[in-house]
2 protein chains.
Amino acid sequence: MAYYPEPIAKLIESYAKLPGIGQKTATRLAFYTIGMSDDDVNAFAANLLSAKRDLHFCSICGNLTDADPCNICTDDTRDRTTIFVVEESKDVLAMERIREYTGLYHVLHGTISPMNGVSPDDINVKTLITRLMDSEVAEIIIATNATSDGEATAMYLARMIKPAGIKVTRLARGLAVGSDIEYADEVTLSKAVENRQEI
Amino acid sequence: MAYYPEPIAKLIESYAKLPGIGQKTATRLAFYTIGMSDDDVNAFAANLLSAKRDLHFCSICGNLTDADPCNICTDDTRDRTTIFVVEESKDVLAMERIREYTGLYHVLHGTISPMNGVSPDDINVKTLITRLMDSEVAEIIIATNATSDGEATAMYLARMIKPAGIKVTRLARGLAVGSDIEYADEVTLSKAVENRQEI
């Protein structure tokens, strides 16, 4: 290992802890940091601390927020009859980006995964059940990922929620827009045929 | 743009200012940061501030250091008759990594570049001249990059230093170890022929 002055060696170490950033990139970023303006570096450090300190999970929906309840849960213009259930806060953001959905969300923070010892009690399911007591809710859209754990979680939630007389839906499976049939995997293709629509 | 809570939006902004990190990667890193331990995030912030605050350029050689003069300049075991002249502090580290050179360094912080309006006064040349007054110095190894600006800087320094009776050398040009003749560029190949060595 080359001799680095301690402040830069430590900064390289911190950068290298980030996902997808190896020793070389970390070194490049550390040297770049030294050349950044004081203001930018101070803001960067303050933003790191603030993100860790000021962000919490909304006590209603589990989404990441700096206010509790979050801005979506407290927004009176949103449709309170629908709850869109996702695995992670990032999924809420992805959904908000398309500006089509105006209902509420619920973030599970994971999926049920018997293989990895994750039971329904380990994810944010209890508060979802509490929310269903609210007679306004008419539909639960389950938008867990299209993975086996995501599917298992969707099945579990559907079986639990349906008896309460609430409509439960799941996002459509099919060919990604712009994709080639030639390269679609078999399961996706068969789902696309199964769910074909009249035009 | 999706709605992000302000603390995370600001952190994404800071990450996106780093070179080679776009909006998507910045978002991924910001979310990852929220999941990091408090200790790691606090250390990251402290290391950013420390790298900016505690690192300076050595008043003798111009290398990045947390002590002035730097550990290399003050190391009595190093050979004081040779100065290895590089463009950037990173080059010092690259050289130290091979653990073969035991002399001193001089960091120019750039190259002379008439095209970009960079004159010898804009880079760290004056202190190099001051160091040559030290009668101990017997050889200057010029290790600027093999670019046109690097070559021009090497030529300028050689012309200025040689009259003082100090030996000036330049790193060898030739085929990179492990490289194919087939893929070598023409200039490198002709340099390799010109500088061929008896075996």
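Helices (H or I, at least four residues) and strands (E, at least two) are DSSP runs, numbered from the N terminus. This is a predicted model, in which local features need pLDDT of at least 70 and side-chain atom pairs count only at pLDDT 80 or more, while totals for chains, interfaces and linings use all residues. Residues are numbered from 1 along each chain as its sequence is written, chains are lettered from A and ligands numbered from 1 in the order in which they are written, and side-chain values use heavy atoms, with hydrogens and water left out.

Start with chain A. Select residues 4-53 for domain 1 and 62-168 for domain 2; these bounds come from an automatic or database domain assignment. The domain centres, taken over C-alpha atoms, are 35 Å apart.

Next, select residues 81-176 of chain A, which an unreviewed UniProt entry lists as "domain: Toprim". UniProt positions are given in the numbering used here, feature names are shortened, and annotations may be inferred rather than shown by experiment. The span is 31% helix and 18% strand, and its end C-alpha atoms lie 28 Å apart.

Then go to the largest pocket. On a 1 Å grid over the protein atoms alone, a pocket is an open set with protein on both sides within 12 Å along at least five of seven lines, and a cavity is a set of points where a 1.4 Å probe fits but cannot get out; lining residues have an atom within 4 Å of a point. Grid points are joined across faces, edges and corners, and a volume is the space filled by probe spheres set on the points.

The largest pocket holds about 330 Å³. Select Phe84(A), Asp91(A), Ala94(A), Met95(A) and Leu171(A), the nearest to its centre among 13 lining residues. Strand E3 (82-86) and H4 of chain A each supply at least two lining residues, and H4(A) has the largest share, three.

Last, find the largest cavity, of about 50 Å³. Its 10 lining residues include Asn63(A), Leu64(A), Ser89(A), Leu93(A) and Pro5(B), which lie nearest its centre. Helix H4 (residues 89-97) of chain A gives the most to this lining, with three residues.
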